[in-house]
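The structure is shown first, and the description follows.

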Amino acid sequence: MAAPGENLRINGERLWDSLMEMAKIGPGVAGGNNRQTLTDADAEGRALFQSWCEDAGCTMGLDTMGNMFARREGTDPDALPVYVGSHLDTQPTGGKYDGVLGVLGGLELIRSLNDLNIKTRHPIVVTNWTNEEGTRFAPAMLSSGVFAGVHTQDWAYGRKDAEGKSFGDELTRIGWRGDEEVGARKMHAFFELHIEQGPILEAEKKDIGIVTHGQGLDWTQVTITGKDSHTGSTPMPMRRNAGLAMARVLEKVEEIALSHAPDAVGAAGHIDVYPNSRNVIPGKVVFTVDFRSPDKAVIEDMVTRMKAAAQDICDKMEMQVEFEKVGGFDPVAFDEGCVTAIRDAADRLGYSHRDIISGAGHDACWINQVAPTAMVMCPCVDGLSHNEAEEISPEWAAAGANVLFHAVVETAGIVE
């Protein structure tokens, strides 16, 4: 495929204006957004996106999971489309860019092609995947997972939020359940633009992250049972302090993750302590150890070593320990051809860049199972995300969208 000329750029000001306009829908309480999936705010954001896409000459498809597909035709009716996109839903206290940049960056790509009167051989389709965040309806990346055959639609429809409302019912309620069979679409390739959600690119003053892999993860729930007793009247040698046992296990988690530095990580983010009273020694703790690595063997090693260490600690402290796997997925290696297209685009445009491993899950991780896929990232301030203070600059947004533009258009094929 012919590469687009290095002078071709998206309209960065228009992209930024679109980001700010979308951010008015579902405002948060501290400058960010609360546009959770399948809420009225989500429906309003979808309607705005559809109107923009139709103004850009696209036709909109909608499948039975609510995934949106805005199509710009190519010159070859038999050529499979090049897909691009991310998600419009946010965390309850989310930022203005997580996911949204990838959707509106795709829209800006279409608008810029129109401005420049450029035709592509392959159609280009901009996608908004439903419920990427997984906050209201677990798990994350739910609809792209159904699209890729990882989950069944019936199972997804039955997922319930904290109020007992089901995904299927809420999708119907907001009016965004389509008729198209989910997963029926075939893709030539898929590209996703996203903020890094980590501090590496900003710290190293890199314009672009070229995502070569997505981390796999394992969530193991650990339950340690000791004996709750009075903090003042129980002699130290006679205590069976489950909180202390957990602390020793978590020290081992840190040690194990560091032994696979720099790409492996590990911690416990979810911790429940019982009875959680100031003057009662904890008799039971339940916590989830989150191990991540781009290497499946490393994840397996960390989990095995953590379980052995926890068992040894609890045996010596005369406590019971139980393990339950409560989540996880294998690492992702993105398509070398798509990754090369992104790297070549960054080089052509003169942006500084580095290869990077995504520490978070993204829709691209599931779509990679059914189509050649890659991701491009831009920095975010202090690596902060899933927070209303999430921030990027207009220049970072434009750089990421320009790289996306070049990689997608080169893959779609310019028609001279």
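In this predicted model, helix 3 and helix 12 cross in a right-handed sense. Their axes lie 9 Å apart and the helices pack at an angle of about 65°. On the side of helix 3 the contact is made by Leu101, Gly105, Gly106, Leu109, Ser112, Leu113 and Leu116, and these meet Ala397, Leu404, Phe405, Val408 and Val409 of helix 12. Sorted by class, the residues of this contact comprise nine nonpolar and three polar ones, with no charged residue.

Helix 12 also takes part in a contact with helix 10. The axes of helix 10 (residues 336-349) and helix 12 (residues 394-412) come within 8 Å and cross at roughly 125°, which makes helix 10 oblique to helix 12. Helix 10 passes helix 12 in a right-handed crossing. Here helix 10 contributes Ala341, Ile342, Ala345, Ala346, Arg348 and Leu349, while helix 12 contributes Asn402, Val403, His406, Ala407, Glu410 and Thr411. Seven nonpolar, three polar and two charged residues form the contact of helix 10 with helix 12.

Helix 3, in turn, has a contact with helix 2. The axes of helix 2 (residues 40-55) and helix 3 (residues 100-116) come within 10 Å and cross at roughly 15°, and helix 2 is therefore roughly parallel to helix 3, given that angles under 35 degrees are counted in that way. The crossing of helix 2 with helix 3 is left-handed. Phe49, Trp52 and Cys53 of helix 2 make this contact with Val103, Leu104, Leu107 and Arg111 of helix 3. By class, the contact of helix 2 with helix 3 holds six nonpolar residues and one charged residue, and no polar ones.

How do the overall dimensions of the protein chain agree with those of a compact globule? With 416 residues, such a globule would have a radius of gyration near 22 Å, and the protein chain, at 23 Å, agrees with this. Taken along the principal axes, the C-alpha atoms of the protein chain fill a box of roughly 80 × 45 × 40 Å. The protein chain contains twelve helices and 17 strands.

For residues 215-315, an unreviewed UniProt entry lists "domain: Peptidase M20 dimerisation".

Most peptide bonds are trans, and most residues other than glycine have a negative phi.

| Cis peptide bond | Omega |
|---|---|
| alanine 138 to proline 139 | near 5° |
| alanine 261 to proline 262 | about 5° |

Proline 139 is placed in the loop between strand 5 (124-128) and helix 4 (142-147), and proline 262 lies in the loop between helix 8 (242-258) and strand 10 (265-274). Aspartate 382 has a positive phi of about 60°, although it is not a glycine.

Notes:
Residues numbered from 1 in each chain as written. Predicted model: local features only at pLDDT ≥ 70, side-chain atom pairs only at ≥ 80, totals over all residues. Heavy atoms only, no water. Axes fitted to C-alpha atoms, helices over the stretch in contact; angles between N-to-C directions. Helix = DSSP H or I, 4+ residues; strand = E, 2+ residues; numbered from the N terminus. Parallel < 35°, antiparallel > 145°, perpendicular 65-115°, else oblique. Left-handed = near helix turned anticlockwise from the far one by under 90°. Contact = heavy atoms within 4.5 Å. Nonpolar A, V, L, I, M, F, W, Y, C, P; charged D, E, K, R; others polar. UniProt positions renumbered as here; feature names shortened; annotations may be inferred. Rg over C-alpha atoms; globule rule 2.2 N^0.38 Å.
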